[in-house]
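Please find below some notes on one part of this structure, written for a reader who has not seen it before. The points are numbered and can be read in order.

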Amino acid sequence: MTSADSDRVIAIARAWLGTPYHDQASLRGVGCDCLGLARGVWREIVGPEPFPIPPYSRDWGETGPREVLADGARRMMTEIASFDAGPGALVLFRMKPRAIAKHVGILTGPGAFLHAYERLGVIEEPLTQSWRRRIAFAFLFPQR
């Protein structure tokens, strides 16, 4: 599978900056959550989503035997080692130790990422050590 151009991924993701936070939504300029941001970028890069996204829990401390978000990403994207993730990569964050990965961001540079955050909407911020250590999985968008 050929990966999408990272500059294109970043440009499309940045077009979502300022979109208000809205749980389980995915409409640029109207509202989205972190997964909705990734879904919207997917639609602009690849095309229609290959399967419907079922409702999901907002519990960042959720535990369980299955990494549901990572398993879904593996069905559509190329997984890479998190330490190899560079600009344009989709990263999944584990927000609490021993919890499943529940937060999504897109790397925009070696020290920055873009994500949708409750009360803030879609923002770009530094990839601090606190954020970096939470990265559990990384994926590349495919090229259409």
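1. His-103 lies in strand E5; helices (H or I, at least four residues) and strands (E, at least two) are DSSP runs, numbered from the N terminus. The model is predicted, with local features needing pLDDT of at least 70 and side-chain atom pairs pLDDT 80 or more, while totals for chains, interfaces and linings use all residues. Residues are numbered from 1 along each chain as its sequence is written, and side-chain values use heavy atoms, without hydrogens or water.

2. His-103 counts as buried because its relative accessibility is 0%. Buried means under 20% relative accessible area, exposed over 50%, and partly exposed in between (1.4 Å probe, protein chains only).

3. What does the side chain of His-103 contact? It makes a polar contact with the side chain of His-115, at 2.7 Å. A polar contact is a pair of N or O atoms within 3.5 Å; within protein, one must be able to donate a hydrogen and the other to accept it, and residues adjacent in sequence count only if both atoms are side-chain atoms.

4. Strand E5 (residues 103–109) pairs with E6 in the antiparallel sense over 3 bridges; two strands pair if DSSP finds at least two bridges between them. Gly-109 is opposite Ala-112 in E6, and a hairpin of 2 residues joins E5 to E6.

5. E6 also pairs with strand E7 (residues 121–126), antiparallel and over 6 bridges. Phe-113 has Glu-125 in E7 as its bridge partner. The hairpin between E6 and E7 has 3 residues between the strands, and Arg-119 in the turn has a positive phi of about 75°.

6. Strand E6 (residues 112–117) is largely enclosed by the rest of the structure, because 5 of its 6 residues are buried.
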